[in-house]
Amino acid sequence: MLERQSPWPLDIQEHALLTARFNNPGPEAPFVDYLNSLYHDHPPDLVLSVGAPAARFVQKYRERLFPGTPMVLTVLEDRLVNRADLTDNDTVISVRNDFLTAIKNILQVLPDTQTIAVVIGSSALEKFWLDQLKRELKPLEGRVTFDYLTDLPYSEILKKASALPPHTVLFWGLMSIDAAGVSQEGDLALRSLYAVANAPIFSYQEAFFNGETVGGPMHSIAETSNKTVDAAIRVLGGEKPGQIKFEPLGFALPKYDWRELRRWGISETNLPPGSEVLFRELDIWERYRWQVMLISAVILVQAGLICGLLHERRRRRLAEVEARQRLSELAHVNRYSAAGELTTSIAHELNQPLGSILTNTETAELLLKRETPDLDEIAEILADIRRDDQRASEVIRRLRRMLKKTPFETRDIDLNETIREAIGFIAAVADRRGVTLKFTPSPGVLRIKGDPVQMQQVILNVIINAMDAVCDADARTREVAISTARRNHHAEISIRDTGPGIVHEPIEKAFDPFFSTKPNGMGMGLAIARTIVEAHQGRITAANQATGGALITVTVPALRGRSLPA
């Protein structure tokens, strides 16, 4: 941090005061000589001591090692500052341990606590802090029992920590040397304790807040570091160290490890106001908030698109239903119009069976007047009457079916039979006009899925147009030929005439609504035919034949197979 914030390049030399780790450190002269050899001719610009033992050392050997060099004494407890040896060339950044506040925090967080086991070493410094602890915690002796583990080897402390009674907590102080005189590494010692302890561990030092302790009010390493760096840069910048003053740093706002709170069942409602909970494991929402929001947004957009598509699909279906209704109504009107032109054919179809019925009836009456009527002959006459009646009924049935207003409905039909029935309607009209109708069906049964009435209407509209086209031709060449064939997966209807052909361009215009070359034509016959064919997923085209006359071709999907189901 000092190198990052310094406006100048720094050469920092670090030296560890190893003698501070031992109960009987031995002579310091060799280390002093070593430092003297390093800095006698090249004294440093600043001496920075970290911790109380280092502050004591540099103050003790100032005149020999660093005479005239400014010093910054940091990370030492206010009670350990040797103020008698301070000079105007020194700046102190001290802290103040408030053990009473630390223990009260434990009792607030765990109000059922009955015993606090204090883990602290046996070095001279640690014994000093043990006395300070006992003195500061006297006000709580009636509230909680304190068990000081300073007289035990660390191995015995670990055994005891693994079998503590209920409602006990561990308070971690210092552990550099245990009662057996064994040197201990603070971090490693705490990890060993954490591995076996059956009670939560608290400490007032942030350096140990790394997964082993619950937390609480602690000295802030960041705050101490910031003030130390500030003091060092100010001194290096020329400011007098004695003029740089800092108040002792107390505990920062409490901090707690969320993992330890959950492990020991400590409710966050028990924490002091302003406490900070760290190492919290994020839930799915907190961990993947942006991903969840993005996925949710995508799902919402997709849902909106799907709803929009469903709405459009529904509108399209309604439009298709409405279009089919309009098509059905228009086709119905067109069938009524065609019925007027088919009047002669219908009358002829009905006159034949009705005339036969009248003749057979009169003959039967004559036979019945004989003294000995020929019953066999009368039976044959009655059979003829029944047959002619059925024939007339079939004509009326076909006419009613053609004129009846029905919705567009598709089913399996024989296209050859449908065309043959349509030709039967118009045969008499063709005879009256002197037009020859020829029908050449495909072999077998040609099955399609369609509406028989509307397919007949297509055939009638095209044949009527063809007969109109040949009406002015030579009488010997007035002919309309209808044929059917199967082309791969399609059924094809071809209607040829011997008229003058389609004289206007383009030829496809013949299928436009209200387009007609007839003086009194409405121009709707072929337009309706195209609409019906397209509703059957088919196609209708027009062309002129090389030999003269027009060719209308209707293509619709054919069903597989050669016969209709029974």
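**Entry 1. Salt bridges**

I began with charged side chains and found Glu28, Arg56 and Lys60 linked in a network of salt bridges. I counted a salt bridge where a side-chain nitrogen of Lys or Arg is within 4 Å of a carboxyl oxygen of Asp or Glu. The model is predicted: local features need pLDDT of at least 70, side-chain atom pairs count only at pLDDT 80 or more, and totals for chains, interfaces and linings use all residues. Residues are numbered from 1 along each chain as its sequence is written, and side-chain values use heavy atoms, with hydrogens and water left out.

The structure holds 23 salt bridges. Side chains of opposite charge can pair when their charged atoms come close.

I looked up Lys159 and Glu156, whose side chains meet in a salt bridge at 3.7 Å, N to O. Both are in helix H7 (residues 154-161), three residues apart, so about one helical turn separates them. Helices here are DSSP runs of H or I with at least four residues, strands are runs of E with at least two, and both are numbered from the N terminus. For accessibility I used relative accessible area: buried is under 20%, exposed is over 50%, and partly exposed is in between (1.4 Å probe, protein chains only). Lys159 is exposed at 55%, and Glu156 is partly exposed at 35%.

Next I took Arg433, which forms a salt bridge with Asp468; their closest N and O atoms are 2.6 Å apart. Arg433 belongs to helix H15 and Asp468 to helix H16 (residues 452-470), so the pair ties together parts that are 35 residues apart in sequence. The relative accessible area of Arg433 is 23%, which I noted as partly exposed.

**Entry 2. Helix H15**

I followed Arg433 into its helix. H15 (residues 415-433) has 19 residues and reaches 26 Å from its first C-alpha to its last, close to the 27 Å expected at 1.5 Å a residue. The expected span is 1.5 Å times one less than the number of residues.

I also looked for a bend and found one of about 45° at Ile426. The bend is the angle between axes fitted to the seven residues ending at a residue and the seven starting there.

At the start of H15, a side-chain oxygen of Asp414 comes within 3.1 Å of the backbone nitrogen of Asn416. Just after the helix, Gly434 has a positive phi of about 75°.

**Entry 3. Phe439**

I placed Phe439 in strand S12 (residues 436-440). Leaving aside neighbours within four places in sequence, I listed the contacts of Phe439 (heavy atoms within 4.5 Å). They are Asn416, Ile419, Arg420, Ile423, Ile482 and Thr484. Phe439 and Ser483 are 44 residues apart in sequence, yet their C-alpha atoms are 5.6 Å apart.

Strand S14 (residues 479-487) and S15 pair in the antiparallel sense over eight bridges; strands count as paired if DSSP finds at least two bridges between them. Ile482 has Ile495 as its bridge partner in S15.

S14 and S15 form a hairpin with two residues between them, and Asn488 in the turn has a positive phi of about 55°. A salt bridge joins Arg487 and Glu492, with the closest N and O atoms 3.4 Å apart. I noted Arg487 as partly exposed at 48% and Glu492 as buried at 19%.

S15 and strand S17 (residues 550-557) pair in the antiparallel sense over seven bridges. There, the bridge partner of His490 is Pro557 in S17. Six of the eight residues of S15 (residues 490-497) are buried, so the rest of the structure largely encloses this strand.

**Entry 4. A three-strand sheet**

I looked at a further sheet, an open one of three strands in the order S8-S9-S10, with mixed pairing. Strand S8 (215-216) and strand S10 (276-278) are the edge strands, each pairing on one side only. Strand S9 (residues 255-257) and S10 pair in the parallel sense over three bridges. Lys255 has Glu276 as its bridge partner in S10.

**Entry 5. Ser122**

I ended with Ser122, in the loop between strand S4 (115-119) and helix H6 (124-136). Ser122 counts as buried at 9% relative accessibility. A polar atom of its side chain lies 2.9 Å from the backbone oxygen of Thr150.

Conventions. Polar contact = N/O pair within 3.5 Å; in protein donor to acceptor, adjacent residues only side chain to side chain.
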